[in-house]
Number of protein chains: 2
Amino acid sequence: MKINKESIQTMETRYRTNLINSLSGPRVAHLIGTVSESGAENLAIFSSVFHLGADPALLGMISRPDRVERHTLENIRETGVYTVNLVTADLFEKAHQTSARYPGGVSEFEAVGLTSEIVDDWGAPCVRESPLKMALKFREEVPIELNGTHLIIGEIMEIHVDGGIIDAEGRVDVFSLDPIVCVGLDTYGTVVRAGRLPYAKP
Amino acid sequence: MKINKESIQTMETRYRTNLINSLSGPRVAHLIGTVSESGAENLAIFSSVFHLGADPALLGMISRPDRVERHTLENIRETGVYTVNLVTADLFEKAHQTSARYPGGVSEFEAVGLTSEIVDDWGAPCVRESPLKMALKFREEVPIELNGTHLIIGEIMEIHVDGGIIDAEGRVDVFSLDPIVCVGLDTYGTVVRAGRLPYAKP
């Protein structure tokens, strides 16, 4: 079927949100760990973390202008640090539950049953149960004026992962960690390695 | 194992590129179809297309400062339109092959064996074989000064997809299309639906 801009604009809001969120396809799920200046920990699921560059090692993520993600954004602005934790198949139900609108004083770690861990001097809590955790330093915030979202850019300062899944050329076999992807707002999936292709030449 | 910023910075370039590209986890693969002002068609695989907002319906993608992706970026700047085509399991080897450095006059559609199709007045070619195609209008380019990449933002003007996989609330069952994800630069995977979770409440 064909859906054009006019029909997108006249859709019922919830229908449009589900439709457009699904269209971009599967997105990897991460848990973002932060802490406020006053010490209140926060944990939130994001499906918009993406690779932005290797040198320096940068990740981007999109923060929407809503209440849940605002806690994360405010904490990152205040403290300048956050953690990015891969969501795996055994964690996705707890990760999804972090999207509930808990009051400001409630730690989502405790509320959903995940373990907050401060590693070395990261300054922000990570998720002990995640097998791929990264400490990031906030580098830049880019406001997207078209829709009020914010692109948050951070630099990877430290990585915790099983060294046994990194091959001789630096590839991390993330498939072996059983990562979770989501489609739209509420549908999750697992990922199965299909194969590696050689560098493409004409 | 623990990998810190200092060891990332001193890694051999190719090793670092593989490592950091893998860390963000599985990324959905899309083919971006464009045409130059002079009529030369271009097709390029991107693994950085992401949902940016539903109203207006916006997709973002990252264009790196390299030669292959520059053709896509230049065409989008020239014509203001492009197509985003989901890569499915039966298409990923051809999609990967578009990353080869073909000369400017060569159409990747022909070179890799995919069919260029102009739908209605989209103004840019889409991939006939893809079951989820979108026509986008270029809305904004955001230069990321930290590393010379560009965030390209486009608005979804038209969608072609099987209406039978859209549920009553607007969710598109993208899992049924057998989408492909990639980890790092060269490793691909398939995706399996795990389940839908209810809206989270405290």
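A: Contact means heavy atoms within 4.5 Å. This is a predicted model, in which local features need pLDDT of at least 70 and side-chain atom pairs count only at pLDDT 80 or more, while totals for chains, interfaces and linings use all residues. Residues are numbered from 1 along each chain as its sequence is written, chains are lettered from A and ligands numbered from 1 in the order in which they are written, and side-chain values use heavy atoms, with hydrogens and water left out.

Q: How many helices and strands are there in chain A?
A: Helices (H or I, at least four residues) and strands (E, at least two) are DSSP runs, numbered from the N terminus. Chain A has five helices and 13 strands.

Q: What radius of gyration does chain A have, and what would a compact globule have?
A: The radius is taken over C-alpha atoms, and the globule rule is 2.2 Å times the number of residues to the power 0.38. For 202 residues the rule gives a value near 17 Å, and chain A, at 18 Å, agrees with it. Along the principal axes, the C-alpha atoms of chain A fill a box of roughly 55 × 50 × 30 Å.

Q: How many of the residues of chain A count as buried?
A: Buried means under 20% relative accessible area, exposed over 50%, and partly exposed in between (1.4 Å probe, protein chains only). In chain A, 60% of the 202 residues are buried.

Q: Which residues are buried in α2(A)?
A: Eight of the 11 residues of α2(A) are buried, so the helix is mostly covered. Among them are A:Arg16, A:Leu19, A:Ile20 and A:Leu23. At the start of α2(A), a side-chain oxygen of A:Glu12 comes within 3.1 Å of the backbone nitrogen of A:Arg14. Following the helix is A:Gly25, with a positive phi near 90 degrees.

Q: Is A:Gly25 buried or exposed?
A: A:Gly25 counts as buried because its relative accessibility is 0%. A:Gly25 sits in the loop between α2 (13-23) and β2 (27-28) of chain A. Leaving out residues up to four places away in sequence, A:Gly25 touches A:Cys182, A:Val183, B:Val28 and B:Val174.

Q: What does B:Arg16 contact?
A: B:Arg16 belongs to helix α2 (residues 13-23) of chain B and is buried, at 6% relative accessible area. Beyond its neighbours within four places in sequence, its contacts include A:Ala54 and A:Asp55 as well as B:Ile8 and B:Asn21. A polar atom of the B:Arg16 side chain lies 3.1 Å from the backbone oxygen of B:Ile8.

Q: Which peptide bond is cis, and which residue has a positive phi although it is not a glycine?
A: Most residues other than glycine have a negative phi, and most peptide bonds are trans. In chain A, the bond from A:Asp55 to A:Pro56 is cis, with omega near 5 degrees. The bond from B:Asp55 to B:Pro56 is also cis, with omega near 5 degrees. A:Asp178 is not a glycine, yet its phi is positive, about 60 degrees. A:Asp178 lies in the loop between β11 (149-161) and β12 (180-183) of chain A, and A:Asp178 is partly exposed, with a relative accessible area of 36%.

Note on methods
Polar contact = N/O pair within 3.5 Å; in protein donor to acceptor, adjacent residues only side chain to side chain.
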